[in-house]
Amino acid sequence: MSIVVTGATGALGRLVVEELLTRVPATELAVVVRSEEKAAGLAARGISVRIADYSDPASLAGAFRAGDRVLLISGSEVGRRVPQHTAVIKAAEAAGVAQLAYTGILGGPEADFDLAAEHKATEQAILDSGLPYTFLRNGWYHENYTAQLPVVLEHGAVVGSAGEGRIASAARADYAAAAAAVLTGEGHLNQVYELSGDTAWSLAEYASEVARQSGREVSYAAVAADAHLTVLTGAGVPEGFAAILVDVDAAISRGRLAGTSGDLSRLIGRPTTPVAEAIATALA
C-alpha cells in the first residue's frame, strides 16, 4: 500500500509531495507521471515512480495497487478532462484502492459556471464507482492573480469583469497541505471539503494592496464582459480559454468563489495564507 499522487510534477502535485514527505517516509509514496525524466528528482529521493498518462487508459492499468490511497489531481486540459479522469477512476476501481481523493472546485454541484462542469462530472463518476472518496473542492489560488503581477505593474491596472464580487482565495501550498492531511489522516473517507481562504477580498482591494506594497499606481479597471474578453484575447489568451476566464469573473460577481467555510484552515491546522503575503512573495 502506498500514498499515490497523480500529476506529481505539476505545480500543485510537487507541493503535495513535499508536504507528504514531512509526514511519511519516501518509501511509502508513489507518483504517477507522464515523464520519467521530470520525475527523476523524486525517484532519487526514494519515491516510487509509475509512468502513465490520463489520456492513455492502457498505461493506467499498472498505476495503482490494492489498498493505495490516491490523490487524483485534476488535469489541465480543459475540455478533455472527463474522459481523462474517468480513465483514472476506472484504473483505481480495478486495482481496489482504499481511497480516491479528488481536487475539484469550490461549490461542487452548486457551482454554476463553465469551468465547474468537468469537475462535477468527475465527482459523479467517482460516486458511481463506489470507491471510498474524499472531495477536495478547491477555491481559487492566490497564484492565479499574483502570476500576473508583471503585467499589472506594467499597465497599472487589474482588469476584470467581476464587479464588486469577492474571492476567498488561498495559497497553492495551503491546498497541498490539505490534500496531504486527508491522505495521511483518518476520518476523511466519503467526506466533502469546501476549501477556500479565511478571508474574501475584491479585485479593488487586491489592486489597492498591490499599489501599497509596490509603491506604484495600480487600480482596478472594472470592465464589461465583452470588453474583458477583448482584453484577454488581445493579450494572446486563446479565445476559448478567455471565455472561460470571463465566465469565472461572472461567477465571482455572483458570489460563487466567496465562501469561507473554514474547512481549509481546519484541515491544515493553521490560518490560510493571506493574499497580502502572496503579493509580497511575488514582488520580492
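**Two packed helices**

Mentor: In this predicted model, helix α3 (residues 81–95) and helix α4 (residues 117–129) have axes that come within 10 Å and cross at roughly 20 degrees. Angles under 35 degrees count as roughly parallel, so α3 is roughly parallel to α4. The crossing of α3 past α4 is right-handed. On the α3 side, the contact is made by R81, V82, H85, I89 and E93. On the α4 side, the residues are E118, H119, A121, T122, A125, I126 and S129. Sorted by kind, the residues of this contact are 5 nonpolar, 4 polar and 3 charged. Two packed helices are described by the angle between their axes and the distance between the axes.

A search of the whole structure finds 5 aromatic pairs. For Y141 and Y175, the ring centres are 5.1 Å apart and the planes stand at 55 degrees, so this pair is tilted. Y141 sits in the loop between β6 (133–138) and α5 (143–146), while Y175 belongs to helix α7 (residues 172–184), so the pair ties together parts that are 34 residues apart in sequence. Both Y141 and Y175 are buried. Elsewhere in the list of rings, Y145, W201 and Y206 are linked by ring pairs into a cluster.

Conventions. Residues are numbered from 1 along each chain as its sequence is written. This is a predicted model: local features need pLDDT of at least 70, side-chain atom pairs count only at pLDDT 80 or more; totals for chains, interfaces and linings use all residues. Side-chain values use heavy atoms; hydrogens and water are left out. Axes are lines fitted to C-alpha atoms, for helices over the stretch in contact, and angles run from 0 to 180 degrees between N-to-C directions. Helices (H or I, at least four residues) and strands (E, at least two) are DSSP runs, numbered from the N terminus. Angles under 35 degrees count as roughly parallel, over 145 as roughly antiparallel, 65 to 115 as roughly perpendicular and the rest as oblique. A crossing is left-handed if the near helix is turned anticlockwise from the far one by less than a right angle, and right-handed if clockwise. Contact means heavy atoms within 4.5 Å. Ala, Val, Leu, Ile, Met, Phe, Trp, Tyr, Cys and Pro count as nonpolar, Asp, Glu, Lys and Arg as charged, and the others, Gly among them, as polar. Rings of Phe, Tyr and Trp (its six-membered ring) pair if their centres lie within 6.5 Å; planes under 30 degrees apart count as stacked, over 60 as edge-to-face and the rest as tilted. Buried means under 20% relative accessible area, exposed over 50%, partly exposed in between (1.4 Å probe, protein chains only).
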